[in-house]
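Work through these exercises with the sequence and the model side by side. Try each task before you read its solution.

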Amino acid sequence: VWAITAHYALIAQTTRYPDGTLPGGDASREPLVNILFVERSDPSVAEIGDAWRELRPDLPLSDAVLVTSQVDLLATTPVHGFVAYKSIYSHPNGRFEDRVALLERVAGCDTSACAADLLRGNEFDAVDGLVLQRDGDELVLPRMVDDFPDRTRRAEVAFPDRVLTGPRFERTELGRIVVIALRP
């Protein structure tokens, strides 16, 4: 009995499929376990994928480098995440802290041209797009930081909306989820 009711089994039993349907088909049933950074009202992974294809029909998600912590997207779609959504999932050679520092520099840009230049011309990976969460005038990348020996703590990079808007960016807003593509 423990194996079918353990935390990870409950996640699998209550996580939406990429098309947005739920295991068992009961859309009214509250999930037994909430998925990190994903709200039930968020668009499905398929809707996010459709938005990406509209923005960048020349670049499949499987070839894209994305800044995102949308866990359901990362768990079900072959995509290259620019930074892990949990620091503990990042290999030391991935330079998690340095990548987050770069994103914080992007968030501190005064112009969208500065943001685009940093995202495209950094020393790690040229970023193709971002899938972020809207919070007022900010677009947020939530993440978890392993703080051993203390508990894991939440952190975020909050990008002012204005730095990810402009001639080098295209976007689709799907409720609180914003899909942004850098123009080629």
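**Exercise 1. Find the residues that phenylalanine 159 touches, leaving out residues up to four places away in sequence.**

Step 1. List the partners. Phenylalanine 159 touches Leu103, Val106, Ala107, Leu132, Asp137, Glu138, Leu139, Leu141 and Leu164.

Two notes on the model apply throughout. It is predicted, so local features need pLDDT of at least 70 and side-chain atom pairs count only at pLDDT 80 or more, while totals for chains, interfaces and linings use all residues. Residues are numbered from 1 along each chain as its sequence is written, and side-chain values use heavy atoms, with hydrogens and water left out.

**Exercise 2. Describe the largest nonpolar core.**

Step 1. Know the term. A nonpolar core is a set of buried Ala, Val, Leu, Ile, Met, Phe, Trp, Tyr and Cys residues joined through side-chain atoms within 4.5 Å. Buried means under 20% relative accessible area, exposed over 50%, and partly exposed in between (1.4 Å probe, protein chains only).
Step 2. Give its size. The largest core has 29 residues. Those with the most contacts inside it are Phe82, Leu103, Leu119, Leu132, Phe159 and Leu164.
Step 3. Find the suppliers. Helices (H or I, at least four residues) and strands (E, at least two) are DSSP runs, numbered from the N terminus. Elements that each supply at least two residues include β1 (65-68), α5 (96-107) and β5 (153-160). Helix α5 gives the most, with six residues.
Step 4. Look for another core. A second, separate one has 15 residues, among them Ile48, Leu59, Leu61 and Leu73.

**Exercise 3. Which side chains of helix α3 (residues 45-55) are buried, and what do they pack against?**

Step 1. The buried residues are Val45, Ile48, Gly49, Ala51, Trp52 and Leu55.
Step 2. Take leucine 55 as a case. Its relative accessible area is 11%, so leucine 55 is buried. Beyond its neighbours within four places in sequence, leucine 55 contacts Glu170, Arg171, Thr172, Val179, Ile180 and Ala181.

**Exercise 4. Locate the disulfide and give its handedness.**

Step 1. Apply the cut-off: a pair of cysteine sulfur atoms within 2.5 Å.
Step 2. Cysteine 109 pairs with cysteine 114, S to S 2.2 Å.
Step 3. The torsion about the S-S bond is about -55 degrees, so this disulfide is left-handed.
Step 4. Compare burial. Cysteine 109 is buried at 3% relative accessibility, whereas cysteine 114 is partly exposed at 29%.

Definitions and conventions. Contact = heavy atoms within 4.5 Å.
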